[in-house]
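Welcome to this short tour. Please open the structure in your viewer, and let us walk through it stop by stop.

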Amino acid sequence: MGAYIIRRLAASVVLLFVMSLLVFVGVYAIGNPVDLLISPEADQKEIARVVAALGLDKPLWEQYLIFLKQALAGDLGRSFAFNTPAIELILQRMPATMELALAAMAIAIVLGIPLGLYAGLKPDSVLAKAIMAGSILGFSLPTFWVGLMLIMLFAVQLGWLPASGRGATTELFGVQWSLFTLDGWRHLFMPALNLALFKLSLLIRLTRAGTREAILQDYVKFARAKGLRMRRVIGLHVLKNIMIPIVTVIGLEFGSVVAFSIVTETIFAWPGMGKLLIDSINVLDRPVVVAYLLVIVALFVFINLLVDVLYSALDPRVRVTGAPA
Amino acid sequence: MNVSDALIERAPAAAHVEAPLRRFVAMYAESRIAVVALVVLVGILLCAVSAPLISPQNPYDLAQIDILDARLPPGEKSAGGMTFVLGSDDQGRDMLSAIFYGLRISLGVGIAATVAAVGLGLGFGLIAAYAGGRVDALIMRVVDLQLSFPAILIALVLLAVVGQGVDKIIIALITVQWAYYARTVRSSALVERGKDYVEAARCLRLSPARILFRHILPNCLPPLIVVATVQVAHAIALEATLSFLGLGLPITQPSLGLLISNGFSYLLSGKYWISFYPGIALLMTIMSINLVADQLRDVLNPRLSR
């Protein structure tokens with residue numbers, strides 16, 4: 001297990017290097033770094049200064065080393081729009097995004113697993129069919145359009161919930177949270193539901209498929225024959241066995257929730273890093289875009305690593321050995 | 001085998017060609033929802049193809065639109081006496097016409113990108129499966145790497161670097177899609193490669209290219225068709241999302257996503273129709289494609305065949 005984690009860790013570091021190389025090639029070789037990294041309002045003297053500071057007059061490999069060194073030191077350039085270090089801006093916005101993503105994931109899990117379990121246990125009931133039809137709808141509905149319709153319904157027509165923003169926050173461990181105020185919840189609910197919809201459909205389908213498969217297994221028959229109540233058989237035996245793929249998917253999908261929050265944050269004006277990315281793209285604030293890219297790559301590598309390790313910890317059958325990641 | 005033998009062999013084979021197709025149709029028709037979805041999908045395609053013929057007005061001909069007709073609710077009449085069945089947008093364009101034209105662009109971009117990505121993925125997948133070894137490892141490592149990132153992120157970043165345009169969004173959609181096809185084709189090609197008919201073709205000293213394209217490829221197509229159908233829906237949804245975010249198509253090529261984005265600013269004042277109806281069109285398109293793909297998967301899946 002220890003060796004496996006170390007090997008996966010090493011692979012992750014290699015992956016980070018590869019991705020940083022790709023980002024570097026994208027920014028420095030395909031695009032023109034002078035346009036990309038220097039504010040269009042800069043004068044000749046400023047341009048000359050930054051060119052020298054970034055070493056743009058040096059050979060490409062040397063530029064990459066400089067870029068790498070600065071990135072490792074946490075220096076990913078300064079935002080044109082805010083004139084603060086880009087990395088600082090992103091880290092400031094990260095808790096809001098994480099809060100939204102976690103809330104969405106929680107909604108998907110709390111609703112998705114029981115609904116999927118029910119649909120798997122009683123596949124022919126009307127309710128199960130309605131659940132499955134709903135999950136197809138959830139797969140097909142474009143996320144951004146659902147967001148607009150939620151705003152139309154809850155904010156414009158009914159006037160129950162605010163249409164945008166984050167609401168009141170309280171500080172805990174030096175981070176702002178909206179989970180502890182009613183106003184925060186009122187602001188959080190719609191975007192979280194919007195973001196959860198796709199994952200909810202996915203979890204329903206996954207749980208249903210797992211349940212239908214598990215219910216036919218011998219251990220279920222045995223547990224029933226032993227005289228256990230159905231409730232206990234499902235709650236203990238079935239649920240435990242279908243949890244492995246579900247936990248994996250939850251882990252892997254968390255990254256995609258963070259990515260999709262770009263859309264939801266833009267619609268609901270949620271002040272997270274996704275909205276920051278779109279705003280930065282729109283005002284051509286490229287250092288922030290580059291910094292976002294590196295941060296999100298690091299986040300993904302970390303999530304994938306975590307899922308892999310968790311997976312092998314959960315399921316003794318998949319103690320992957322010797323498989324280079 | 002002499003000529004007459006070959007003829008005798010061929011005759012029953014020709015008679016058999018009809019039967020699988022008929023069986024395929026019969027199996028597809030077993031699900032009533034799938035048939036309805038197919039009819040809806042064909043209807044949508046017809047609307048998109050014949051948009052200039054069936055639209056009440058050409059929404060991009062400035063002579064036909066009047067700014068005084070802007071933001072009229074559904075059912076209202078224009079100054080020229082035409083009825084806006086689905087209302088009009090902020091420039092006085094008929095929403096129904098704008099949706100027909102938008103469908104054209106959305107479907108066109110989605111299908112074009114998918115076809116190109118299938119071609120690319122097919123090539124890489126076949127090469128990986130047939131060559132094996134280092135080539136295979138390299139291609140699959142790139143595929144794995146790409147698939148570990150969500151499509152929307154890759155497309156977004158790509159567009160942020162290269163800029164807007166129909167060609168650029170198609171490139172972005174190809175980039176995010178090819179890996180799915182490469183993986184699908186590779187896995188089915190690997191299975192096919194070990195089968196006897198490939199061995200037989202090798203014994204006949206057929207060229208590797210001939211074995212790949214005439215023997216292995218046709219047998220890899222069913223799973224590829226299913227994945228490609230689902231992916232068309234994904235491509236259309238992704239394009240709409242990117243256009244909504246203002247990073248996809250330029251304002252001169254308004255796809256459904258751009259129409260929805262247009263209406264966003266009027267939503268808070270209760271003018272729902274500018275965003276609502278293009279969204280319904282998009283939903284119907286994606287849903288009908290998904291349902292058709294679902295049924296295709298069941299019909300084409302050999303494990304489920306009875």
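One term before we start: buried means under 20% relative accessible area, exposed means over 50%, and partly exposed lies in between, using a 1.4 Å probe and protein chains only. This is a predicted model, in which local features need pLDDT of at least 70 and side-chain atom pairs count only at pLDDT 80 or more, while totals for chains, interfaces and linings use all residues. Residues are numbered from 1 along each chain as its sequence is written, chains are lettered from A and ligands numbered from 1 in the order in which they are written, and side-chain values use heavy atoms, with hydrogens and water left out.

**Stop 1: chain A.** Colour chain A by secondary structure and you will find 12 helices and 2 strands. Helices (H or I, at least four residues) and strands (E, at least two) are DSSP runs, numbered from the N terminus. Of the 325 residues in chain A, 46% count as buried.

**Stop 2: an aromatic pair.** Now select Phe139(A) and Phe198(A), an edge-to-face pair with 5.1 Å centre to centre and 85° between the planes. Rings of Phe, Tyr and Trp (its six-membered ring) pair if their centres lie within 6.5 Å; planes under 30 degrees apart are stacked, over 60 edge-to-face, and the rest tilted. Because Phe139(A) sits in helix α6 (residues 126–140) and Phe198(A) in helix α8 of chain A, the pair ties together parts 59 residues apart in sequence. Phe198(A) is partly exposed, with a relative accessible area of 28%.

**Stop 3: across the chains.** Next, pick Trp145(A) and Phe276(B), whose ring centres are 5.9 Å apart with planes at 35°, so this pair is tilted. Trp145(A) belongs to helix α7 of chain A and Phe276(B) to helix α11 (residues 273–300) of chain B, so the pair joins two chains. Trp145(A) is buried at 5% relative accessible area, whereas Phe276(B), at 22%, counts as partly exposed. Then select Phe144(A), Phe244(B) and Phe264(B), which form one aromatic cluster.

Stop 4: Thr207(A) is buried, with a relative accessible area of 0%.
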